[in-house]
Amino acid sequence: MASPAEQLPPGWAAEWDATHQRYLFIETTTGHTQWEPPAAGSAETENAPPAGVTPAGGHGKRRQYAAGQTQAYYGGEAAPDPAYGQASAGLGVQQQGGQLFTPGLAAEGQFANQQQIAQQGGGTQGGYYGQGEPEYLNQQPQQYGQPPVDALANQFGQMGVGGQKQFSLYTTNLLTLPPDPRDLAQPPPEIRLPPNACISPSPTANADPSYFRSTLNAIPTTSSLLSKSKMPLALVITPYRSLNEGEEPVPLVTDTVIARCRRCRSYINPYVQFIDGGSRWRCCLCSMTNEVPQLFDWDQVRNQPGDRWQRLEMNHSCVEYVAPTEYMVRPPQPAVYIFLIDVSHAAVQSGMVATATRTILENLERIPDEGERTKISIICYDTSLYFFSMPPGSTDSSMLVVSDIDDVFLPKPTDLLVNLAEARGALEVLLGRIGEMFQENTIIGSALGPALQAGFKLMTPIGGKIIVLSSSLPSHGAGALKNREDNKLLGTAKESGLLQAASPFYKTFAIECSRTQVSVDMFLFSSAYQDVATLACLPHYTSGQTYYYPAFNAARSEDALKFAHEFGEVIAQPIMLEAVIRVRASRGLRMASFHGNFFVRSTDLLAMPAVPQDQSYAIEVQIEEAITIPFVVFQTAVLHTTCYGERRIRVITAALPTTSNLSELYSSADQIAITTFFANKAVERSLTHKLEDSRDFILQKLVDIISAYKASMTSSGAGASAQLAISENMKMLPVLILGLLKNVGIRQSAQIPPDIRAYSQALLTTLPSQLLIPYIYPTFYSLHNMPPEAGTIGEHGVILPPPLPLTSERLERHGLFLIEDGQTIFLWVGRDAVPQLIQDVFELPSYDALRGGKATLNLLENQFSQRINAIVQKIREMRRGVYYPHLYIVKEDGEPPLRLWALSMLIQDRADVLPSYQQFLSSLKDKVNGASGGY
Amino acid sequence: MGGAGWLFLFAVLMAAGLLFCMVFFIIMFSDLECDYINPIDLCNKLNQFVLPENIAHAFITILFLISGQWGSFLLNLPLLAWNANKIRNKAHMYDATEIFRTLGGHKKETFFKLGFYLISFFFYLYKMIVALIAESE
């Protein structure tokens with residue numbers, strides 16, 4: 001489709017109009033001209049200018065960009081074009097098209113054609129961003145062109161690879177197709193199971209991507225096929241994700257009839273087969289024949305025969321069972337929370353103690369305590385330990401000081417760990433007083449280790465959660481750490497040493513904790529070096545989480561608000577206690593390695609003393625023997641005690657088809673899951689090897705994938721090629737990998753303090769995809785010229801402006817922009833911003849009066865301010881997790897560190913030694929083509 | 001029986017002891033793989049043996065050095081350096097949190113040491129006999 005001229009009905013001619021950047025259609029006989037293509041013309045001609053001409057005016061309604069070199073590059077992004085024809089439901093289901101890429105398809109025209117189709121696949125919504133909030137991008141084009149199917153339909157027939165299960169593979173050329181942030185919101189490639197694989201017609205019979213994602217949605221049958229494709233095979237599971245408002249809770253099977261396979265111990269699920277008239281079932285994982293339990297067809301509530309097809313576990317991929325006593329080693333434990341509060345001079349001065357106690361006080365009501373069994377204790381520490389004894393029923397509490405920190409003991413056998421409901425009064429009084437009690441404390445130093453041991457002793461018989469708030473480097477007693485920060489090491493090979501644990505205490509203690517079902521959460525506040533890398537070990541192996549507030553100062557209301565919000569959410573979270581997770585899979589597949597916050601207790605069992613919500617785990621899968629079945633099943637079982645005192649099993653079943661076809665393998669790849677897995681892999685490698693190795697490793701993986709793709713899927717084979725081809729569904733992978741390479745966690749730089757790096761690595765390994773992807777590839781909005789509906793309430797809540805590609809080309813001197821990565825929000829103000837804009841948003845007379853830095857936006861009496869506030873609010877709420885991003889105002893000519901920080905989020909730009917996206921692609925191309933070229 | 005004879009008799013016994021130690025390690029590792037033992041107990045158990053094993057090996061090597069058995073000393077030197085380097089990097093103990101990720105490497109190392117002790121066992125035996133024959137002549 002080099003020119004639309006060939007597609008016109010007879011008597012028509014098309015002419016490219018350079019000033020309007022679109023085709024002018026001329027009826028040759030009458031001389032009549034029109035902008036719209038004549039009726040019989042193909043719909044998408046409008047979007048296909050001749051090579052080299054920019055269709056920038058295609059969205060003249062929205063913005064007009066200056067023409068330029070890069071503009072030409074980004075010009076192809078022109079997606080939401082209302083003139084598109086009939087809607088089609090996205091890429092995955094364009095079956096009628098069947099544009100299989102064939103290795104023989106090398107002609108430029110056809111290649112361009114494919115890209116054309118590829119662009120139209122712009123996306124059904126939902127998926128990655130969860131069911132509750134599919135409107136991450138409200139600006140998505142609603143209408144797509146009907147692909148020009150006829151031309152290629154014959155080819156499809158000739159190839160003889162038809163069949164409804166077939167994935168269609170679309171190849172895109174990365175060099176000509178700029179990344180479009182909207183593609184990240186697309187759902188993963190469709191899972192196409194063979195017919196009759198599932199015995200339930202329910203749409204929830206296969207796991208939702210928010211619970212379970214696989215890097216490949218079609219599992220290769222042999223390991224040689226997998227290694228030929230160079231694709232990673234891994235699962236990304238988030239078994240305990242939070243539910244948004246309006247989402248159905250996980251269905252609960254209450255009758256304790258739990259049908260499990262005798263051999264592989266998997267749970268019955270919608271993918272089993274009933275045989276022998278329904279009296280037995282065949283396990284879908286190991287093909288073992290099992291008896292159906294007698295009570296399976298009995299409705300115990302109404303005491304009458306029930307319908308097994310209506311049972312919840314036969315219709316839902318994610319169910320919870322109430323576990324009978326066989327699944328308990330002891331009666332369900334109550335939830336126990338112990339707060340270790342640092343009250344040393346630094347902590348009090350920063351206002352952390354006051355904020356923390358107030359937050360606990362305010363959230364006492366929200367601590368999960370349905371059966372009034374929850375226990376709570378507060379221990380303060382500086383270089384001594386301060387226990388608080390709260391006899392039930394009274395409102396008095398007495399402080400007991402233990403200054404012998406070498407051999408920690410509990411000063412009193414009772415009343416230190418108290419029942420929340422019974423000691424409510426005393427707790428409230430105490431929490432109100434702690435702040436002033438230590439107000440004059442001038443002791444410097446922290447006995448964190450002994451405090452941990454004390455908390456551990458206190459809860460040993462039960463287990464639970466220790467929440468540590470610490471403002472300084474542990475300096476006394478067990479677990480004391482030295483300040484090992486050395487700026488000379490940064491950026492060198494020795495830097496990874498700073499990211500490893502400095503003291504074995506935190507590892508051995510973590511193991512003890514894991515054994516006694518104690519989980520530790522760390523809240524760190526220091527402005528100086530705190531050795532986050534070492535302290536984060538404890539949450540890492542006890543399935544907690546690390547939260548880091550560098551240079552916390554409660555005098556800044558933004559700091560206090562952020563901490564109070566996140567801390568409150570963590571306290572209020574319903575947690576799973578005493579949990580173990582096991583992932584089972586069909587025969588031939590083995591879980592090879594595990595990434596995330598837990599302790600690996602045996603080859604396939606993950607021990608988690610407490611499971612927080614919205615943590616993700618990555619599991620690498622190995623193909624041990626050839627798979628002969630048409631589909632495989634992965635089953636994640638989480639045996640846990642709810643914080644309401646019930647033993648339960650959560651089972652998440654996911655079925656994926658198998659394939660022996662390389663093109664199907666590529667077309668089923670899920671770029672989001674791949675990136676999540678690589679993020680985990682990169683962090684692991686940066687600890688065991690060097691940071692540089694981890695970057696090289698990730699880059700090499702990408703090069704391998706693209707080379708393998710080129711060799712097997714394109715006509716150029718192993719030879720050099722002018723294109724950089726990858727399948728349509730993986731076209732964002734290079735930019736995501738670039739984002740990962742530029743992430744604070746593993747970026748090449750000599751300026752990143754080890755604490756910040758370690759925290760970022762902790763995030764990279766725990767965030768679920770929904771949070772991780774923006775963390776790697778931030779979102780960038782232009783606010784000063786957003787569409788009129790952005791910032792107003794739409795069908796799915798607040799409408800967000802369309803995201804822009806992450807390049808500073810898009811920054812304008814008079815503009816207002818927003819960049820956010822889920823952890824921070826930057827409001828970028830151009831230096832020529834008109835006073836009216838500054839007045840509307842910040843209530844200040846002019847740009848010069850504006851100050852950069854952390855800020856709170858006031859809601860003003862004008863529409864623009866309200867819309868921007870609504871957008872910021874939406875960004876803070878739209879994702880799962882407890883995080884409450886800070887808002888920074890960045891002035892274009894403001895302080896350099898803040899400006900550079902904001903600019904470092906624009907990952908498609910060149911920064912320092914790090915390449916821009918185009919440079920990255922051309923170095924990729926050189927590597928793929930085997931030429932010597934480096935970046 | 002002279003000095004060299006006694007020395008190699010002692011070395012044979014030590015090599016046999018180390019051999020058994022390695023067999024024990026391998027059995028424990030396969031127990032871990034079969035889930036008969038949890039990683040915490042495994043590491044606690046094995047870590048008791050790591051240093052004694054290294055010290056025993058270093059002791060024989062130094063004995064060879066003192067008594068001027070250059071061949072035997074050079075044979076043991078690489079392993080001694082390997083062990084010393086591990087201790088210097090504080091990487092000689094088994095870490096329960098990482099054990100599943102490093103298990104392959106540990107097994108490889110243990111198998112290698114097993115083979116090495118087996119070879120040195122026969123080598124010392126041969127040397128002992130040679131020394132005894134040389135003496136009796």
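Why is A:Glu313 classed as buried? A:Glu313 is buried because 25 other C-beta atoms lie within 10 Å. A residue counts as buried if 20 or more other C-beta atoms lie within 10 Å of its own, as exposed if 12 or fewer do, and as partly exposed in between, with C-beta atoms placed from the backbone.

The model is predicted: local features need pLDDT of at least 70, side-chain atom pairs count only at pLDDT 80 or more, and totals for chains, interfaces and linings use all residues. Residues are numbered from 1 along each chain as its sequence is written, while chains are lettered from A and ligands numbered from 1 in the order in which they are written.

**Surroundings of A:Glu313**

A:Glu313 lies in helix 5 (residues 312–315) of chain A. Helices (H or I, at least four residues) and strands (E, at least two) are DSSP runs, numbered from the N terminus. Leaving aside neighbours within four places in sequence, A:Glu313 is in contact with A:Val253, A:Tyr267, A:Ile268, A:Asn269 and A:Val319; contact requires C-beta atoms, placed from the backbone, within 7 Å. A:Val253 is 60 residues away from A:Glu313 along the chain, yet their C-alpha atoms are separated by 7.4 Å.

**Domains of chain A**

An automatic or database domain assignment supplies the domain bounds. For chain A it gives domain 1 (212–329 + 577–669), domain 2 (336–486 + 505–574) and domain 3 (778–904). The centres of domain 1 and domain 2 of chain A, taken over C-alpha atoms, are 36 Å apart. Their contact takes 16 residues from domain 1 and 22 residues from domain 2. On the domain 1 side, strand 26 of chain A gives the most, with five residues.

**Helix 16 of chain A**

In helix 16 of chain A, 14 of the 18 residues are buried. The helix (residues 671–688) should span 26 Å at 1.5 Å a residue, and its end C-alpha atoms are 25 Å apart, which agrees. The expected span is 1.5 Å times one less than the number of residues.

**Chain B**

Ten residues of chain B are in contact with eleven residues of chain A. Helix 2 (39–66) and helix 4 (99–136) of chain B each give two or more residues to this side.

An unreviewed UniProt entry lists residues 7–29, 55–82 and 114–134 of chain B as "transmembrane region". UniProt positions follow the numbering used here, feature names are shortened, and annotations may be inferred rather than shown by experiment. Two of these stretches are tabulated below.

Methods: Contact = placed C-beta atoms within 7 Å.
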